[in-house]
Amino acid sequence: MSDLYKTERLEAYDWGKELRLKHLKGTGTARDEGRFLAIGNMNFPKELLIGLGDFEYLAGEPWSVSINHEGGPELTAQCLEEVEKRGYSRDLCGYMRVYWGSMFLGRGAWGPFPTPDLVTFQADCDSRGKWYQKVSEHWGVPWYCVEGTHHSVDGTTKTKEHALQYLLDQYTDFIEWLKVTFHKEYDYGKLLEGTANAFRSRAYWGEVVQLQRAIPGPLDYKLLLPFYMAIEYYAYEDECVAMMKALRDEVKYRVENQIAAVPNERFRVFHEGLAPWYALYLFTYIRQRGVNILGGSHNYNFLLPVQKPTEDGSFAPEDPVNWDGVPKTWQEGIRFRAMHQLYVEKVISDTRLRTNVLRVSQQAWKAQGIIFMYDRGCEFFNIGQTEVKAALQKEGVTTMVYETNRVDSAEWAWPQVQDACDSFLESIGVPQMVS
Amino acid sequence: MLEYFVDIVEHRHEYARDWKERTGGKVIGFFCTYVPEEIMYAAGILPVRILGGMEPQDYSESHILGMYCPFCRDCLAEGLKGRYDYLDGVVQTRSCQHMLQAFQSWTIHIPLPYSYFMGMPSLVQADRAPTFMRAETGDFARSLEAWTGKTLRDEDLDRAIETYNTNRRLLRKLYELRKADPPIISGTEVAAVVLSSCISDKAEHSRKLEELLEALPRRSDPPSSATRIMVVGSENQSLELFRLIEDAGANIVVDEMCTGSRYFWNEVVPQEDRLSAIAQRYLDRPPCPLKDVLERKRLEHVLNMARDFNVAGVLFLQQKFCTPHEFDIPALAELLKENAIPTYALELDVTMHEGSIRTRTEAFLEMLQLELV
Ligand code: SF4
Ligand code: SF4
């Protein structure tokens with residue numbers, strides 16, 4: 001298929017990949033370098049750790065992806081086997097099983113599983129509380145858990161003030177606990193810097209996501225990956241802000257100059273659910289046919305808290321990003337963080353809201369269809385997945401479904417997925433591939 | 001003596017319809033035992049727990065993925081089949097994701113005059129949980145007031161609390177009777193009493209339960225002696241399952257299930273602010289695995305029950321794909337093993353494979369016999 005647009009390599013992409021490796025590998029050297037090592041789930045409000053000093057964070061989800069991606073199928077299988085041997089069911093969260101296996105075996109993708117100084121986690125999806133309960137029991141080091149659940153499913157982005165306060169109180173309790181447990185002064189100035197950085201990183205991300213509405217799309221699914229992970233993992237860092245700014249500038253340049261991620265972009269689709277990490281060739285297969293996978297609500301939803309929700313509490317993509325909210329005090333900073341948490345959690349678990357978000361986004365980003373991944377490795381991302389699909393399909397949106405487990409390749413059936421892909425692409429008008 | 005309770009379980013919809021006709025009140029279905037029923041009862045509403053029909057069904061397949069537990073899919077299917085057509089509303093709280101999905105699908109496809117989702121801390125043991133829970137309980141009460149047009153006065157709440165506490169106290173008394181060997185009442189019969197409590201008017205239920213407690217000591221046909229076991233798990237809506245297990249040679253003498261003891265074990269402890277008292281009761285109740293994060297209270301609670309009721313073994317009744325319980329089973333099995341209490345897990349699906357349940361239970365009971373020898 002002939003190219004319609006020119007393409008260029010995305011310089012920031014390498015930065016994104018490097019930063020990811022720096023953090024994941026850094027978990028192995030942090031303590032020798034005089035930084036403390038905290039471990040926990042990725043969306044724990046890590047900004048709160050900044051006031052205690054320099055640290056590295058081992059985030060569970062990217063750790064599992066690294067076992068899958070860099071460690072390879074053999075290590076992944078060993079990890080899964082180890083967990084099963086200990087009596088845990090195969091239905092449990094895929095990321096958690098791989099992570100537990102790595103922890104029990106004491107092995108990661110690049111060396112031993114590092115010993116942490118503390119375990120911090122946030123109970124939000126059903127798995128995370130129990131996941132790190134086990135981790136804290138395993139290590140026997142100080143641990144702390146906060147809650148990040150959203151407590152309503154009313155189809156809007158609204159949050160009750162007492163629900164927000166519940167999170168804020170837990171955040172300040174956690175800071176007090178850190179001071180007492182580690183007998184250290186806590187630097188609130190650093191906390192403000194970290195929360196302001198997190199805001200900036202997310203605001204740049206908001207702009208990038210808006211720019212992705214352009215035709216041709218300046219980015220595709222693969223190019224989004226290191227960045228959407230970055231804003232959940234280390235958005236509070238100076239380097240992350242600098243990287244996201246560079247990304248925003250580069251993407252702006254690409255849009256102004258019609259530089260495409262997919263040079264033969266003729267079609268655009270969304271992908272709902274995370275990727276099967278061991279089979280990323282699925283994305284190449286689709287891309288080769290001139291189809292840009294623009295992202296999905298899980299990649300995009302991170303942008304809203306830096307923008308103004310609509311009056312009725314529903315979702316509308318806003319442009320430009322509202323930069324007025326950069327926190328000026330640490331109190332504002334943690335408030336922003338709590339709002340962000342509740343929003344992200346709500347979009348995933350509130351079926352009507354996600355349907356609305358996806359409907360509006362699909363039109364605004366001009367996507368011709370939506371691919372839904374039914375992920376047997378994550379119940380949380382599957383809440384309402386069938387309902388969202390059915391509602392949009394009823395409204396005339398072309399959809400595709402495939403079922404697998406994002407980390408357990410034993411559940412992957414490429415011939416079936418390929419068939420589903422072919423008929424989906426055909427139904428949105430993509431010409432058949434000449435073999 | 002027990003027909004009343006069995007009849008309610010087996011004809012639950014007829015009971016609720018009849019109640020509505022008799023009283024002119026509203027009926028609300030709730031999905032999880034963390035919903036504070038007292039507040040609905042205080043507003044003159046009959047809260048009934050939504051249960052599945054245990055029939056092969058394909059009603060919920062297009063709404064809830066197969067990786068979610070059969071119980072939540074079965075509950076939704078009952079709604080889609082129209083079995084709950086008498087409900088005026090549905091309520092759910094933040095418990096497991098499976099039920100969150102069932103509740104949302106219900107409200108999308110079976111619109112009712114009232115539906116409410118109440119927040120509920122996951123970290124029930126956290127210092128901040130009571131304040132948040134009190135605020136959510138208050139919002140729920142206000143929402144019911146707005147819908148029913150009835151103001152909830154302290155007297156109404158007191159009456160509801162007392163009615164519920166009485167029922168809980170009587171159920172605890174019934175459980176005490178199971179400590180005798182052989183127990184004066186079978187596990188299947190107790191299951192009928194507790195399940196019927198989840199779906200009927202507590203005042204009526206308590207009256208019948210008092211009569212039962214009064215009559216039981218004179219019972220002429222008590223269960224015969226058999227291996228004493230405990231069952232542990234989430235929901236069981238089938239008396240037949242308990243019957244099968246007991247027919248295989250067991251006496252189920254105690255349980256730790258949310259359709260069993262977890263439903264009623266603790267009472268509301270009075271406080272000046274009634275809603276705080278109710279909120280606290282739900283935070284303090286024997287926790288579901290998902291709510292047992294900060295301290296592992298559940299493990300000790302199960303072990304203590306197993307000891308108090310002198311059981312020879314514990315049978316896990318595991319709803320397929322029930323992740324909350326899948327998290328706890330290995331830790332529970334290990335603790336019980338350390339305390340010389342053997343365990344075995346039976347997986348449950350919407351429909352039962354009687355032969356397999358019988359064979360596996362018999363194998364477990366044989367193993368327990370050998371252990372005893
Ligand atoms: S269940 Fe899903 S959202 Fe929760 S920890 Fe596992 S992968 Fe993450
Ligand atoms: S507790 Fe388990 S069986 Fe009950 S609804 Fe939740 S997942 Fe299903």
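1. Let's start with the shell around ligand 1: by class, it has 6 nonpolar, 1 polar and 2 charged residues. Bear in mind as you read on that this is a predicted model. The residues around the ligand are C93(A), Y95(A), C125(A), S127(A), R128(A), W131(A), C378(A), F380(A) and R406(A). Which element of chain A gives the most to this shell? Helix α4 (residues 126-139) does, with 3 residues.

2. Now look at where the two chains meet. Chain A puts 52 residues into the contact, and chain B puts in 44. About 4,000 Å² is buried between them, with carbon and sulfur atoms giving 55% of that area.

3. On chain B, the elements that give two or more residues to the side touching chain A are α5 (97-109), β4 (114-118), α6 (129-148) and α14 (323-338). The largest share, 10 residues, comes from α5(B). Sorted by class, the residues on this side of chain B divide into 23 nonpolar, 13 polar and 8 charged.

4. Next, the salt bridges that cross between the chains. How many are there across the interface of chain B and chain A? The rule finds 8. For one between R94(B) and D126(A), check the side chains: the N to O distance is 3.9 Å. That pair still counts because the cut-off for a salt bridge is 4 Å.

5. Salt bridges link K130(A), E137(A), E256(B), R262(B), R296(B), R298(B) and D328(B). Over all chains, the structure holds 72 salt bridges.

6. Inside chain B, have a look at R168(B) and E38(B). Their closest N and O atoms are 2.7 Å apart, in a salt bridge. R168(B) sits in helix α7 (residues 154-176) and E38(B) in helix α3 (residues 37-42), so the pair ties together parts of chain B that are 130 residues apart in sequence. Are these two residues buried or exposed? Both R168(B) and E38(B) are buried.

7. Chain B has another pair to compare with that one. The side chains of E189(B) and R219(B) form a salt bridge at 2.6 Å, N to O. E189(B) belongs to helix α8 (residues 187-198), while R219(B) is in the loop between α9 (202-215) and β5 (227-233), so this bridge ties together parts 30 residues apart in sequence. Both E189(B) and R219(B) are buried.

8. In chain A, E82(A) and R86(A) make a salt bridge through their side chains, 3.0 Å from N to O. E82(A) is buried, with a relative accessible area of 11%, whereas R86(A) is partly exposed at 39%.

9. Last stop: T149(A), in the loop of chain A between β5 (143-147) and α5 (161-182). Its relative accessibility is 0%, so T149(A) counts as buried. The side chain of T149(A) reaches the backbone oxygen of A123(A) at 3.5 Å and makes a polar contact with the side chain of E147(A) at 3.1 Å. Leaving out residues up to four places away in sequence, T149(A) touches A123(A), D124(A), L342(A), E345(A), R94(B) and S122(B).

Technical notes: Residues numbered from 1 in each chain as written. Chains lettered and ligands numbered in written order. Predicted model: local features only at pLDDT ≥ 70, side-chain atom pairs only at ≥ 80, totals over all residues. Heavy atoms only, no water. Contact = heavy atoms within 4.5 Å. Buried area = accessible area lost by both parts, 1.4 Å probe. Helix = DSSP H or I, 4+ residues; strand = E, 2+ residues; numbered from the N terminus. Nonpolar A, V, L, I, M, F, W, Y, C, P; charged D, E, K, R; others polar. Near = heavy atom within 4 Å. Buried < 20%, exposed > 50% of the residue type's maximum accessible area, 1.4 Å probe, protein only. Polar contact = N/O pair within 3.5 Å; in protein donor to acceptor, adjacent residues only side chain to side chain.
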